[in-house]
Amino acid sequence: MSELSADGVSVAFAGLKALSEVSLKVSSGQILGLIGPNGAGKTTLVNVLTGFQAPTSGAVLLDGASLTGAEAHEVRRRGIARTFQGGRLFRDLPVIDNLEVTGLGLGLSRAAAIREAEEMLDWIGIASLADRIAGTLPYTDERRVAIGRALMRQPKFLLLDEPAAGMSAQEANDLSDLIRRIARERDCGVLLIEHNVGLVLGVCDHIVVLDSGAVIETGPPAAIRASETVRHAYMGTAADTDLPVQEALV
Amino acid sequence: MRQTSSLTILRRTVSTPVILILLLVAFAILSWAVGSRPFNQTVIDILVQVTLVTGLYIFIGNSGVISFGHAAFACLGGYVIAWTTIKPMMKKNAMPGLPDWLMSMEIGWWAAAALAALWAALWAGIFGAILMRLSGIAASIATFAMLAMINAIYSNWSGVTGGTSSIVGIPIIRSVWPYLAVASLAVIIAWAYSISRHGLILRAARDEPTAARASGVDIPRARLIAFVLSGAVMGAGGAMLALSIGVVTPNTFYLGLTFTTLSMLVVGGMGSLSGAVLGVLILSSLIQVLRWLEAGVQIGTSTFALPGGVQEIGLGVVMILILMFRPTGIMGNRELKFPWRR
Ligand SMILES: Nc1ncnc2c1ncn2[C@@H]1O[C@H](COP(=O)(O)OP(=O)(O)OP(=O)(O)O)[C@@H](O)[C@H]1O
Ligand SMILES: [Mg+2]
C-alpha cells in the first residue's frame, strides 16, 4: 500500500499565486478526481507532484519520504507517472517505440522494453496500432497510447491531465473503464484531472476541487455534486458554458 | 507476430553502415587504381573528414544540440599524435616541457590514434559533465567557449605543445587503407550507437524532451554518453588528420575545421548518419573542383582560372542554397538502405 501526497504546496509565478497551501493524497488503487475551472492550478499541481515544477513552499511525499526537489526523471523512476494535456507523444516514432523508449528510460534492455511494450498495448487493447507512427494517430488513440506509455514498468501512481478532452460520450465511457481497470487490476493510484465532470463523478472515489489555486471542496462524488461552493466556482467563470458542468451538477 | 529480438533490430538497420562503408571502399579503391599522388591525398582528406563529421554527427545528430566545440577534440587527438609518434630527438627541441616518459615514447599510428581517442574522450567527459546540463543556444555557446579555451591552452602552453608554432616531424602515412579503416570504424560506431538504447533514448529526448523526462530519461546523462563517444571519434579523426599532413598547430583544429565539418553535416542532414557521410563526399568533391578551377584549367589554348577565394565563397553559396531549399539537409532524417526490406 503506497501513498502519494502534496503537503501545503504553494507555487508562485512572478507574483501570480498559482497554488496556495494545497494538500491532497492518493493511495494505491484509489481514483482521486481533481477538478476546477481553467487556470485553477490543476496542471501546476501535477507538475509539482512529478518534479516538473519546484514548489515555492510545501512538500511532496511518497510513503512519507520527501520527493521535493527530485528531478522529473527521478520521480518517474520512483513510480510516479503522468500524461500531458497536449499528448506529447514521440511523434516521429511508431506507437510501439513510444512505449519502448519509456522502458529504456526506466532501465530495460531493448528486447525487454519491446516485450513489455507489446504486452501493454495488448492489455489496453490497442495492439493493432503498434506500427502506426504516433504523430498520425487520431486524438482518442493518442490518449490511450500516452496512458500505455505512462504505465510501462508498473508505476505506483498515474496522474492523468485531461485524458478525455475532445472525446465523444462513448469514447469517454471506454476511458472510464480503462481508468477503473488501471486502479483495480494494477493496484495503481490514479489522479484524474478532467473538465468532463460527469466522467469524474462517475469514476472517482474521492474528489478535490481547486479554484484560483486553493482547495475549495473535497469529498466523495455525491457530496461534490451537492456542493453549493463548487457550483459557484463553476458558474463564476466564463469558460463554463462549453463544459458539461451544469448537467453534471444538477 | 512481431519479431522483437535484438537480432531483428540489427538486421533491419545494418544495410546503412554497409552501404556507407562500400562507398568509402569505392573511393579508396579508385585512388589506389588511379595511383596519382594528388588524387591519393584528396581521397585521404575525404576519409579524414568522414571520420570527423561522423564524430560530430554522433553528438549533434542524436541530441539535436549544435556543438561549435568539437574541433577541440580533434585538437586534443592531433597533439597526442605529435606527442607519441615524433622521434624523441625532434620532440626535445619543439616541445621541451614534455615529461620524460612521453618524451621517449614512440609508438605506431594505430596505438597513437587509440590513445588520441581516449584522451579526447576523457576531456569530453570532463567538459560534458558541466556542459550537458545546459540546453539550446546556451549549450551551443558553451561548446564554443570550450573550443576557445582549449585552443588558448594549446596556443600558450609552449613547453608541451610548442605554442602557436608548427610541430613538424609526424611520420606521414601515405597509404589510404589506414584512413579507410578508421573512417569505417567511425561509421560502425556511429551506427551501433544510434541503434543502441542510449541512441534511441537521446533521439526521443531531442524530439520531445518533456515527455522523455516523464519517461524516466536523464537527459544530461544521455547527452553525456553521446558527447564522450563523439569526442572519442573526433579525437581519432584529429589524429588521422595529423598523420595525413604531418604537421600540427592549434589553428589546424580551430575555426576553419569547425566551419567545414559543420557545413558538411548540415548539408548532408544533421539527423542522419548517411547525411553526414554524403555531406562530406559531396562538399569535398565540390571543394576539389573549385580548387582545380582556382589553380586553372587548360581549355584549348587558353587557361581558365577562377580568382582566389572562390572556393570558400562557393562553399558558402552551396550551403545557403541547400539550407533554403532543404532545411534538413540532403538526407533529412532518412538513412540509405537496401531496397529489399519492407
Ligand atoms: N510556467 C508558468 N509561468 C507563469 N504562469 C504560469 C505558468 N504555468 C501556469 N501558470 C499560470 O498558473 C495558473 C494555473 O495554471 P494551470 O495550468 O495549472 O491551470 P489548470 O487548472 O491546469 O488550467 P486548465 O484547465 O486550463 O488546464 C494560470 O493562471 C496560469 O496562467
Ligand atoms: Mg491544465
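Predicted model: local features only at pLDDT ≥ 70, side-chain atom pairs only at ≥ 80, totals over all residues.
Over the ring of which residue does the charged end of Arg88(A) sit? The charged end of Arg88(A) sits over the ring of Phe84(A), 5.6 Å from the centre of that ring.

Phe84(A) is buried, with a relative accessible area of 9%. Across the whole structure, a search over all chains finds nine aromatic pairs. In one of them, the rings of Phe52(A) and Phe84(A) have centres 5.8 Å apart and planes at 85 degrees, so this pair is edge-to-face. Planes over 60 degrees apart count as edge-to-face. Phe52(A) lies in the loop between helix 1 (42-49) and strand 4 (57-62) of chain A, and Phe84(A) in the loop between strand 6 (80-82) and helix 3 (95-105) of chain A, so the pair ties together parts that are 32 residues apart in sequence. Chain A has another charge over a ring: Arg186(A) lies over the face of Trp123(A), at 4.4 Å from the ring centre.

Most residues other than glycine have a negative phi. Glu162(A) is not a glycine, yet its phi is positive, at about 50 degrees. Glu162(A) lies in the loop between strand 7 (157-161) and helix 6 (169-186) of chain A. Ser212(A), also not a glycine, has a positive phi of about 45 degrees. Ser212(A) lies in the loop between strand 9 (206-211) and strand 10 (214-219) of chain A. Are these two residues buried or exposed? At 9% relative accessibility, Glu162(A) counts as buried, whereas Ser212(A), at 55%, counts as exposed.

Chain B also has aromatic pairs. The rings of Trp83(B) and Tyr154(B) have their centres 6.3 Å apart and their planes at 25 degrees, so the pair is stacked. Trp83(B) lies in helix 4 (residues 71-85) of chain B and Tyr154(B) in helix 8 (residues 136-156) of chain B, so the pair ties together parts that are 71 residues apart in sequence. Trp83(B) is buried, with a relative accessible area of 7%, and Tyr154(B), at 5%, counts as buried too. Both residues belong to a cluster in which ring pairs link Tyr79(B), Trp83(B), Trp119(B), Trp123(B), Phe127(B) and Tyr154(B).

Next comes the packing of helices in chain B. Helix 2 (residues 15-34) and helix 10 (residues 176-195) of chain B pack at an angle of about 170 degrees, with their axes 10 Å apart. These two helices are therefore roughly antiparallel to each other. From helix 2 of chain B the contact includes Leu20(B), Leu24(B) and Trp32(B), and from helix 10 of chain B it includes Leu180(B), Val187(B) and Trp191(B). The residues of this contact divide into 15 nonpolar, two polar and no charged.

Helix 10 of chain B also packs with helix 13 (residues 219-245) of chain B, at an angle of about 170 degrees and with the axes 11 Å apart. Helix 10 and helix 13 of chain B are therefore roughly antiparallel as well. Here helix 10 of chain B contributes residues including Tyr179(B), Val182(B) and Tyr193(B), which meet residues of helix 13 of chain B including Leu229(B), Val233(B) and Met240(B). This contact divides into 14 nonpolar residues, one polar and no charged.

The last stop is Thr16(B), which lies in helix 2 of chain B. At 4% relative accessibility, Thr16(B) counts as buried. Which residues is Thr16(B) in contact with, leaving aside its neighbours within four places in sequence? They are Ser274(B), Glu335(B), Leu336(B) and Lys337(B). Thr16(B) and Leu336(B) are 320 residues apart in sequence, but 5.4 Å apart in space, C-alpha to C-alpha.

Conventions. Residues numbered from 1 in each chain as written. Chains lettered and ligands numbered in written order. Heavy atoms only, no water. Axes fitted to C-alpha atoms, helices over the stretch in contact; angles between N-to-C directions. Helix = DSSP H or I, 4+ residues; strand = E, 2+ residues; numbered from the N terminus. Parallel < 35°, antiparallel > 145°, perpendicular 65-115°, else oblique. Contact = heavy atoms within 4.5 Å. Nonpolar A, V, L, I, M, F, W, Y, C, P; charged D, E, K, R; others polar. Phe/Tyr/Trp six-rings, centres within 6.5 Å; stacked < 30°, edge-to-face > 60°. Buried < 20%, exposed > 50% of the residue type's maximum accessible area, 1.4 Å probe, protein only. Lys NZ or Arg CZ within 6 Å of the ring centre and 35° of its normal.
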